[in-house]
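Have a look at the picture first, then read on.

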Amino acid sequence: MSKAMSKAKGFKKSKSGTYLSIATTAFGAVSVVKQAKKARLDNDTLRLIDAAVSAAAIVTGLAILYRELKRLGDDDVLLG
């Protein structure tokens, strides 16, 4: 494994990397909200279901990232 790949994996498992992942995942929620609004306006049930499934994936991803932060022993006031 190259040194750069090793550093990238280390960053991904760091607090900073986890915060970046949370921000990226939360940013994806904006797209899902727009998709859901458009689906409701168009009465498109299939796209609405797709938005709901995507939203569930985002919530699950955020929960996993939160757990990872707790595992890393973050002392952030927001995490309790």
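Start with a pair of charged side chains: Arg-71 and Glu-68 meet in a salt bridge, 2.7 Å from N to O. A salt bridge here is a side-chain nitrogen of Lys or Arg within 4 Å of a carboxyl oxygen of Asp or Glu. Both Arg-71 and Glu-68 sit in helix H3, 3 residues apart, which is about one turn of the helix. Arg-71 is exposed at 55% relative accessible area, whereas Glu-68 is buried at 18%. (Buried is under 20% relative accessible area, exposed is over 50%, and partly exposed is in between, using a 1.4 Å probe and protein chains only.)

Before going further, a word on where this comes from: this is a predicted model, where local features need pLDDT of at least 70 and side-chain atom pairs count only at pLDDT 80 or more, while totals for chains, interfaces and linings use all residues. Residues are numbered from 1 along each chain as its sequence is written, and side-chain values use heavy atoms, with hydrogens and water left out.

By the salt-bridge rule, the count comes to 3. Here they are:

| Salt bridge | N to O distance |
|---|---|
| Lys-38 and Asp-42 | 2.9 Å |
| Asp-44 and Arg-47 | 3.4 Å |
| Arg-71 and Glu-68 | 2.7 Å |

How accessible are the other partners? Lys-38 is exposed at 52%, and Asp-42 is partly exposed at 47%. Asp-44 is partly exposed at 26%, with Arg-47 exposed at 53%.

Now zoom out. The protein chain has 3 helices and 0 strands, in the order α-α-α along the sequence. Helices (H or I, at least four residues) and strands (E, at least two) are DSSP runs, numbered from the N terminus.

How do H2 and H3 pack? Helix H2 (residues 15-41) and helix H3 (residues 45-71) meet at an angle of about 165 degrees, with their axes 9 Å apart. That makes H2 roughly antiparallel to H3, a label for angles over 145 degrees, with under 35 being roughly parallel, 65 to 115 roughly perpendicular and the rest oblique. The axes are lines fitted to C-alpha atoms over the stretch in contact, and angles run from 0 to 180 degrees between N-to-C directions. By class, the contact of H2 with H3 has 14 nonpolar, 6 polar and 5 charged residues. (Ala, Val, Leu, Ile, Met, Phe, Trp, Tyr, Cys and Pro count as nonpolar, Asp, Glu, Lys and Arg as charged, and the others, Gly among them, as polar.)

Finally, 14% of the chain's 80 residues count as buried.
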